[in-house]
Amino acid sequence: MRDIRKLTIITGHYGSGKTNFSVNLALDTAAAGNRCTIIDLDIVNPYFRTADFRDMFGEKNIELLSPVYANTNLDIPSLNIPLQSILESGNNVIIDVGGDDEGAKALGRFAPTIREFPDTDMLYVINKYRYLTKEAEEAVQIMREIEYSCGLMHTGIVNNSSLGTETTSQTVKDSLAYADKVSELSGLPLRATCAVEGAMPDNAPEPYVIKRYVRTLWENQ
Amino acid sequence: MAEKSLMKGNEALAEAALRAGCKCFFGYPITPQTEIAAYLSKRMPKVGGVFLQAESEVAAINMVYGCAGSGIRCMTSSSSPGISLKSEGISYIAGADLPCVIIDVMRGGPGLGGIQPSQADYYQITKGVGHGDYNIIVLAPSTVQEMADSVTKAFDLADKYRMPAVVLADGLLGQMMEPVAFDDAEIVMSDASKKPWAANGHGNKRKHNIINSLYLQAPELEKTIVDRYERYAEIEKNETVAVSDYCDDAEIVVVAYGSTARLAKSAVDEARKQGIKAGAFRPVTLYPFPKNELNEAVKNAKKVLVVEMSMGQMVDDVKLAINCSKPVEFFGRTGGVIPAPAEILAKIKEMGGND
């Protein structure tokens, strides 16, 4: 992905693939020689979280900060994240926000700090194949609800349309017009078209080849 | 089939319920199945149904009891600790011969346990959940598509036999996402038109129907139970479902259900690649338990391995089903820990699978 800012906030509908996109972005940012901090701000989802990749991040020198929640003895998340000082450290920071407007509430707490920070992207991840965002209008409505909930405005769209393991280049190709429409309706630029290797259509704008890190145990064999 | 969507297991369960004509949902949130309620709270009002968040699990199951008595298709969902709370209501519904669907997305126990996936409620669910002589139908899907299909089937079986039917999943199935397709049929909410027993207003045109589970005369109560067990015999004869893979020549047959069956299948695939004659057997109905299918699957096996996310519960039903005709071993992880395919493969090898 081009033009990565110091702070990248990733939002989206439940299951749009925010976490997988965030993990890819963190690994690529670190591989490009940047010190990188990834913040798992998901207070909604108990499973398939950024924090599941703690060991991998450790190996790549990526700092992971997550709420005290899943995999601990807490059933209610507690956020203890010093965002101001992390931003001042000069690291590239990626924030993986929980799904929909509910998930974005946790982000709202940091809105005053984020508004003061000049080098920020807030990217909205979309997936045409998710049940409640199949129409561009629905996707844009959820985007606006997220903005209303956290008090921050998006700066770009990430087309992460996929059918999980059944994704082919046709799957991604069929989503390009949808992504264009979301971009047009929202007035925001399309910043990336994501696809796994071999599934990227030739004519995809802003192609970003990703890996599937979020997967089930029986796929890992 | 319509275009595929990417859905969470919980969302697929919820959407499938609507499409089966489930007009009323009564629930109470608990991880890892809350998406079912969240989804239905958005969708139900749009299709003319009722979504109600009750004040507790106990209230929700008793609302199901009342609603089911009126002949309308209705459902509740919960996870392990919440199902324990519903146990009294489930017994009453079974005792009143009413159809309903209950979804259980299991998490670690006992007590509040944890929020990670588990199969430690096999005994609880397959032995009826509550008190008394009765059974409930239990379906155990292992993919998101199958979760959706199971809900439809559960409603049909519940109506056919006038009894509760459970779709038994675990947190992993509830939370994972896979492509799923629904047919394009219009959503039609259920009514009581084919249920002459329903207590939905007689309008002075027929004798009133009574929904009841209280029979103070012992011979009368015995008769209702014996009649019910005749229905259970029909179910055990007609409704068993199981899936066998590579069992014909398998020396070790691995038995697992739900998400664990996919881990076991993954281990068996790898074993086959390494030249080990392993097979995979997956009960899809847990009650009725597919006894004949299992006996057929293990016919040529030397040993049977049961894998569960528990300390070993279904393993007892496997031993009973095959009358201990083969040595049955067990491998499990519990408390929310998921058994890895590599661990299962190691167990297959330990059992002599690479002789």
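These legends accompany several close-up views of a predicted model.

**View 1. Helices α1 and α2 of chain B packed together.** Here α1(B), residues 9-19, meets α2(B), residues 34-43, at an angle of about 40 degrees, and the axes are 8 Å apart. Angles under 35 degrees count as roughly parallel, so α1(B) and α2(B) are classed as oblique to each other. The crossing in which α1(B) passes α2(B) is right-handed. On the α1(B) side, the contact is made by Asn10(B), Glu11(B), Leu13(B), Ala14(B), Glu15(B) and Leu18(B). Facing them from α2(B) are Glu35(B), Ile36(B), Tyr39(B), Leu40(B) and Arg43(B). By class, the residues of this contact divide into six nonpolar, one polar and four charged.

**View 2. Helices α1 and α6 of chain B packed together.** Now look at α1(B) beside α6(B). Their axes come within 8 Å and cross at roughly 30 degrees. With the limit for roughly parallel set at under 35 degrees, α1(B) and α6(B) are therefore roughly parallel to each other. Their crossing is right-handed. From α1(B), the contact draws on Gly9(B), Ala12(B), Leu13(B), Ala16(B) and Ala17(B). From α6(B) come Val144(B), Met147(B), Ala148(B), Val151(B) and Phe155(B). The residues of the contact of α1(B) with α6(B) are nine nonpolar, one polar and no charged.

**View 3. Glu11(B), a residue of helix α1 of chain B.** Is this glutamate, Glu11(B), buried or exposed? Glu11(B) has a relative accessible area of 8%, so Glu11(B) is buried, given that buried means under 20%. Setting aside neighbours within four places in sequence, Glu11(B) is in contact with Arg130(A) and Tyr39(B).

**View 4. Glu63(A), a residue of strand β3 of chain A.** Strand β3(A) spans residues 62-65. Glu63(A) has 38% relative accessibility and therefore counts as partly exposed. Not counting residues up to four places away in sequence, Glu63(A) touches Cys36(A), Thr37(A), Ile38(A) and Asn91(A). For a sense of distance, Glu63(A) and Pro118(A) are 55 residues apart in sequence and 22 Å apart in space, C-alpha to C-alpha.

**View 5. Cis peptide bonds at Pro32(B) and Pro110(B).** Thr31(B) and Pro32(B) are joined by a cis peptide bond with omega of about 5 degrees. Pro32(B) sits in the loop between β2 (24-27) and α2 of chain B. The bond from Gly109(B) to Pro110(B) is also cis, and its omega is near 0 degrees. Pro110(B) belongs to the loop between β5 (100-106) and α5 (122-126) of chain B.

**View 6. Positive phi at Asp97(B) and Arg162(B).** Although Asp97(B) is not a glycine, its phi is positive, about 55 degrees. Asp97(B) lies in the loop between α4 (80-95) and β5 of chain B, and its relative accessible area of 15% makes Asp97(B) buried. Arg162(B), another residue other than glycine, has a positive phi near 50 degrees. Arg162(B) is placed in the loop between α6 and β7 (164-170) of chain B, and with a relative accessible area of 28%, Arg162(B) is partly exposed.

Terms used:
Residues numbered from 1 in each chain as written. Chains lettered and ligands numbered in written order. Predicted model: local features only at pLDDT ≥ 70, side-chain atom pairs only at ≥ 80, totals over all residues. Heavy atoms only, no water. Axes fitted to C-alpha atoms, helices over the stretch in contact; angles between N-to-C directions. Helix = DSSP H or I, 4+ residues; strand = E, 2+ residues; numbered from the N terminus. Parallel < 35°, antiparallel > 145°, perpendicular 65-115°, else oblique. Left-handed = near helix turned anticlockwise from the far one by under 90°. Contact = heavy atoms within 4.5 Å. Nonpolar A, V, L, I, M, F, W, Y, C, P; charged D, E, K, R; others polar. Buried < 20%, exposed > 50% of the residue type's maximum accessible area, 1.4 Å probe, protein only.
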